Amino acid sequence: MAVGAVVVEADGGSRGNPGPAGYGAVVRDPETGEVLAERSESIGTATNNVAEYRGLIAGLEAAAELGASEVEARMDSKLVVEQMCGRWQIKHPGLRPLAAQAAGLVGRFASVRFSWVPRERNKHADALANAAMDVAAGKAPSRATVAPPRIVEPPREVAGPDSAARAAAREAAARAATGRATGTDPATTPASWEPRPTETATRLILVRHGETERTVQKRYSGRGDVPLTDRGRAQARATAARVAALAPSVAAVVSSPLSRCTATAEAIAAVVGNPPVRPDDDLIECDFGAWEGCTFAEVREGWPGELDAWLASTRVAPPEGESFAAVAERTGRAVDRLRAAYPGETVVLVSHVSPIKLVLRDALAAGDAFLHRLYLDTAGISLLDLYPDGGVAVRVVNDTAHLAAL
C-alpha cells in the first residue's frame with residue numbers, strides 16, 4: 001500500500017577510505033517510527049563519501065517503491081546534505097554521477113527535505129552500514145540494537161512544488177550531470193572568450209584506431225583483440241603522416257592495450273620521434289559483454305529490453321558488460337593523468353570509438369544524447385587543448401581528410 005510521508009535515514013562508510021565499504025538505509029513512518037523498509041549492501045572497495053551517497057540513493061529508491069510522496073532524508077554526512085541542498089560544490093568527479101542519480105530520484109517526489117543529524121542519532125542506518133562493511137571485509141556481520149533518532153536540526157527543504165529549493169536541486173543535478181573529470185564543470189571552470197596561449201595547454205590528439213573486420217561488418221567490438229585489416233594499416237600510416245604535420249614534437253604516445261590501437265599508435269610513433277608507445281588500460285574499449293561480435297540487429301532481436309535500457313541510460317551496462325558511465329570514469333582518470341604529467345606538451349592518445357566519444361562529450365560539457373549523435377570514423381583525428389585553470393578548447397573533431405585517397 002502506498003504511503004504519504006516517510007523518513008529516510010541513510011549512512012555509509014569504508015574502513016580505510018578507500019577500503020571495504022557498505023551502506024545502510026532505513027525508511028520509517030514519521031509518526032510512529034515504524035520501520036517500513038531497510039536496505040544494506042557491501043560495495044567492495046570505495047570511499048566514505050561514495051558509500052554515503054549510495055546509502056542515500058538506496059533509501060530514496062526504497063521510499064519510491066513504497067509510493068511515498070514526501071520524504072525527509074536524515075544523514076550524519078554534512079557533505080552529502082550540503083551538496084544535495086546546492087550550497088556546496090560537487091568537486092570530486094567520482095561523486096558527480098551519484099549526486100546526479102540522487103537528484104533524479106528527488107524529482108520523483110512531491111517534496112524532499114534534507115536534515116543533518118549527529119552520528120549517535122543515526123544508529124540504525126549506521127549499524128546496517130557497519131554490517132555491510134563487515135561483509136565487504138570478509139567478516140561475519142553483526143547487528144546493533146538501535147532506537148529511532150530525533151531531529152536535532154530543522155530539516156532543510158531542497159525540493160517542493162514550485163519552490164526555490166526545487167530550482168536549486170535541479171541546478172545541483174545539472175552540475176552533477178555535466179561536471180566531468182576533464183575540468184568542464186560550469187560551476188568551477190572559468191568562462192571566457194579571451195584567447196589563451198596554446199603553449200600553456202596540454203594538447204591531446206585523439207586518434208581512433210584503423211579499420212578492422214568488425215568495423216566493416218558493423219559489429220560490436222569491445223574487448224576482443226581484433227587486428228587491423230590491410231586497409232586499416234594503410235589508414236594508420238596516413239594518420240601518422242597527418243599527426244606529424246599537426247605536431248612535429250610529441251611528448252608521448254599512449255594507447256589502449258588492444259592490438260588494433262597499439263598498431264595504429266606504433267605507426268604514429270615511428271614518424272614523430274619514435275617515443276615508446278605506452279599502453280593504458282583505462283583507454284580500452286567498453287566491454288560489450290554478451291553483445292561482443294553481434295550486429296545491432298542481432299542485439300535488437302536477442303535482447304530487446306536490455307538494448308532499450310542501455311540506449312536510454314549511460315548507467316546501464318550490456319549483459320555481462322560495462323556501462324558507459326564506468327567507461328567515462330576511467331577515461332576521465334586517463335585524461336587527468338596526462339594533463340598533470342605533460343603540461344604545455346602534446347600527447348597522442350589512441351583509443352576506440354566509445355572512450356573518445358566520452359572524452360569529447362565531457363570536454364564539450366554535453367549531454368548523453370551527444371554520444372548517439374556524434375559519428376567517429378576509423379582513423380579519424382580529434383584535437384583538444386586542456387589548460388591549467390581547467391579550461392578546455394575543442395579544436396578538431398573527426399578529421400578524415402588524410403584518408404580521402406584510400
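Start with helices α7 and α8, whose crossing is right-handed (a crossing is left-handed if the near helix is turned anticlockwise from the far one by less than a right angle, and right-handed if clockwise). Helices (H or I, at least four residues) and strands (E, at least two) are DSSP runs, numbered from the N terminus. This is a predicted model, in which local features need pLDDT of at least 70 and side-chain atom pairs count only at pLDDT 80 or more, while totals for chains, interfaces and linings use all residues. Residues are numbered from 1 along each chain as its sequence is written, and side-chain values use heavy atoms, with hydrogens and water left out.

Select 230-246 for α7 and 259-269 for α8: the two pack at an angle of about 45 degrees, with their axes 8 Å apart. Axes are lines fitted to C-alpha atoms, for helices over the stretch in contact, and angles run from 0 to 180 degrees between N-to-C directions. That angle makes α7 oblique to α8; angles under 35 degrees count as roughly parallel, over 145 as roughly antiparallel, 65 to 115 as roughly perpendicular and the rest as oblique. Show side chains for A236, T239, A240 and V243 in α7, which meet T264, A267 and I268 in α8 (contact means heavy atoms within 4.5 Å). By class, this contact has five nonpolar, two polar and no charged residues. Ala, Val, Leu, Ile, Met, Phe, Trp, Tyr, Cys and Pro count as nonpolar, Asp, Glu, Lys and Arg as charged, and the others, Gly among them, as polar.

Stay on α7 and pick R233, which lies in this helix. R233 is partly exposed, with a relative accessible area of 39% (buried means under 20%, exposed over 50%, partly exposed in between, with a 1.4 Å probe and protein chains only).

Next, select the open sheet of six strands, ordered β9-β8-β10-β7-β11-β12 with mixed pairing. Two strands pair if DSSP finds at least two bridges between them. The edge strands, each pairing on one side only, are β9 (277-279) and β12 (392-399). From one strand to the next the twist averages 20 degrees. Within the sheet, β7 (202-208) and β11 (381-386) run antiparallel and are joined by six bridges; L206 has S382 in β11 as its bridge partner.

Helix α11 (324-341) lies across β7, β8, β9, β10 and β11, at about 140 degrees to β7. Helix α12 (353-363) lies across β7, β10, β11 and β12, at about 145 degrees to β7. How do α11 and α12 pack against each other? Their angle is about 75 degrees and their axes are 9 Å apart, which makes α11 roughly perpendicular to α12. Residues making the contact include F324, V327 and V335 of α11 and L358, V359 and R361 of α12.

Finally, select β4 (70-75). Five of its six residues are buried, so β4 is largely enclosed by the rest of the structure. Strand β1 (5-14) runs parallel to β4, joined by six bridges, with A5 partnered by E70. Six bridges also join β4 to β5 (111-116), again parallel, and V71 stands opposite V112 in β5.
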